[in-house]
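Have it open as you read.

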Amino acid sequence: MKMRKHLSLLIATAMVATVGLTGCGGGRKATTEPEDSKPAAAESSTQEAAATESGTQKPAAGFKEGATIGVSLPWLGTQNWKEAEEMFKTQLEAEGFKVIIQAADNKVPQQQQQIESMIQNGAKVIIVGPVDGSQLGSVLEEAEAAGIAIIGYDRLLENTTGVDGVVQFGSIKTGELQGQALLDGLAKEKGKGPYNIELFGGGPADPNAPNFFKGAMSVLQPKIDDGTLVVLSGQTDFTQCATLDWDNAKAQSRMDSLLSGFYSDKEIHGVLSPNDGIARAIITASEQAGQSIPVVSGLDAENESVEWIWSGKQYSTVAKPTDALVGKTVDIIKSLQAGNGMPKADTSVNNGKKDVDVYELPPIVVTKENAKEAFANDPDRLSLLK
Ligand code: BGC
């Protein structure tokens, strides 16, 4: 193969290119990468050579200050993504980078095109929160071949070699917190069991959604098995409970059907909800059906839900502060820019094609009881607690 034939020449070219980049202020040489820098710094010389062959430089060798960074978000339908859009812009611009940020309105082809244009516009790093974790393989591999670093943001990039790391809050842990909050809330607010509950999952294309559900079910399933919890609809598989595109309206109409189908003469005590928008849809449907408000879990600490938690309408949420996640991503970009490669990861996960480094932050469960404490450093949310 052509690449093999020209391997030594290409390696030599790569080294010259690296030295050249260092000379123009791009940071340290790839050869001085710390041991734990990976995966970019640890890439084989074949890959480095391949990148050089296409006329670009692996980011492990550093790149110019003020370079272009692409940020591709799945949609702006929940508060966390709107915050991410704003905070990436502010934080990256403060570091002197040029930023291209686009959101894909939950449409895979739109996201593929947006990433394609970030590649064409010379992005050195592309941050991706995928609409569908497994549908970006080829465009990400194209970016990889062009020597661009690719970092998954909040959601895993599946089934592709085109990913250098993922920054996220533990998704199984998030689900465990949601399941435990539901159980605690039932015991606190609904007297002695057994309790009637229903289960909701997030958008099936989002790799987080099955993990949130799995984490929650690890807590809830034993209680279903021992009869403490009863799911009257019998719908306990993720596929039955998922909410297409994380669409609140779809969740609300499923809740309407569950209530009219199984609860016309029974009380529903609790509902597992994968995020705050869906939690509010579930609560609204319950109120409209004349139910007393069930204990409902959530995620994102969206402003409206923080207010509902404070007024007792929604039981819990899970906070995963966007500024911290964006900050962590920006630190990785700065490390790449300086030629220090990917920092040491917290853990790794197999995405179907490779083990991906994961940079993980801890999610925090929030109820009325600990809300003041949880938002002590978040003046905006703190101001909602009144
Ligand atoms: C995010 C949640 C968000 C959901 C819908 C998930 O991947 O982790 O924070 O609520 O997508 O946008």
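Predicted model: local features only at pLDDT ≥ 70, side-chain atom pairs only at ≥ 80, totals over all residues.

Residues are numbered from 1 along each chain as its sequence is written, and side-chain values use heavy atoms, with hydrogens and water left out.

The structure holds 17 salt bridges (a side-chain nitrogen of Lys or Arg within 4 Å of a carboxyl oxygen of Asp or Glu).

| Pair | N to O distance |
|---|---|
| Arg-381 and Glu-83 | 2.8 Å |
| Lys-89 and Glu-93 | 3.0 Å |
| Arg-280 and Glu-304 | 3.5 Å |

Let's start with Arg-381 and its salt bridge to Glu-83. This pair links distant parts of the chain, 298 residues apart: Arg-381 sits in helix H15 (residues 379-382) and Glu-83 in helix H4 (residues 79-94). Helices here are DSSP runs (H or I, at least four residues), numbered from the N terminus. Arg-381 counts as buried at 10% relative accessibility, and Glu-83 is buried at 13%; buried means under 20% relative accessible area, exposed over 50%, and partly exposed in between (1.4 Å probe, protein chains only). Asp-378 joins Glu-83 and Arg-381 in a network of salt bridges.

Helix H4 also holds both Lys-89 and Glu-93, four residues apart, about one turn of the helix. Lys-89 is partly exposed at 43%, and Glu-93 is partly exposed at 40%.

Finally, Arg-280 is buried at 13%, whereas its salt-bridge partner Glu-304 is partly exposed at 40%.

Definitions and conventions. Helix = DSSP H or I, 4+ residues; strand = E, 2+ residues; numbered from the N terminus.
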